[in-house]
Amino acid sequence: MSDYHLRVYTQCIVADMTVPLALLGLLEREPSHGYDLKRDYDTLFGRGRPLPFGQVYSTLGRLARDGKVAGQSEPGDGPDRKRYAITPLGRQEVATWLAEPVAAEPYLQTVLFTKVVLALMLGRDAAGYLDAQRATHMRRMRELAEIKRGGPLTDALLADHAMFHLEADLRWIDVTQARLGALAEVVRAS
């Protein structure tokens, strides 16, 4: 898998998830050190895009400042380490977040649409762009199918999610390609 495709894949997966809420959820499960939180986050949510240690500790600092976690220093080998625990305020935030459905984003202004309109506006090959995009989507779907075949259930479910979005894009590409002539007239008239 190319670095670009891996970045796109992981951005799609974690786009709707916020790091602070994910860390709070992990802390609700059990108190943990920052290192353990990073490891668990990377294992469950990172998918090739590990969370930087600096982001873990700066996020924990903000959560502590806001009263959502509390850190307890523990002596050990080397410098003192903090074990973080979620507070009642943090628990309430996780409960509220988990109870709220994710917005059904209609993606009314997408990069795909913008490129097609601009290609038509500038007299470029919009149909060629759509063909190239279809090929890119199909390649990505094959990569995701491979992830599903060889990975654990969590990876398979995430790959399914990404594939369903790609399938919707492919349907849109087909419909748009069939309507390019009409769209070109609308774009030229504006």
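**Sheet**

S1 pairs with strand S3 (residues 81-86) in the antiparallel sense, over two bridges; pairing requires at least two DSSP bridges between two strands. Histidine 33 lies opposite arginine 83 in S3. The open sheet has three strands, ordered S1-S3-S2, with antiparallel pairing. Strand S1 (32-33) and strand S2 (69-74) are at the edges with a single partner strand each, so one side of each has no neighbour in the sheet. Strands (E, at least two residues) and helices (H or I, at least four) are DSSP runs, numbered from the N terminus.

This is a predicted model: local features need pLDDT of at least 70 and side-chain atom pairs pLDDT 80 or more, while totals for chains, interfaces and linings use all residues. Residues are numbered from 1 along each chain as its sequence is written, and side-chain values use heavy atoms, without hydrogens and water.

**Nonpolar cores**

A nonpolar core is a set of buried (under 20% relative accessible area, 1.4 Å probe, protein chains only) Ala, Val, Leu, Ile, Met, Phe, Trp, Tyr and Cys residues joined through side-chain atoms within 4.5 Å. In the largest, of 22 residues, Val116, Leu120, Ala126, Leu130, Leu144 and Leu180 touch the most other members. Helix H6 (111-121), helix H7 (126-150), helix H8 (153-178) and helix H9 (180-189) each give two or more residues to this core, and H7 gives the most, with seven. A second, separate core has 17 residues, including Val19, Leu60, Leu63 and Tyr84.

**Tyrosine 35**

Tyrosine 35 is in helix H3 (residues 34-46). Tyrosine 35 counts as partly exposed because its relative accessibility is 47%, between the 20% and 50% limits.
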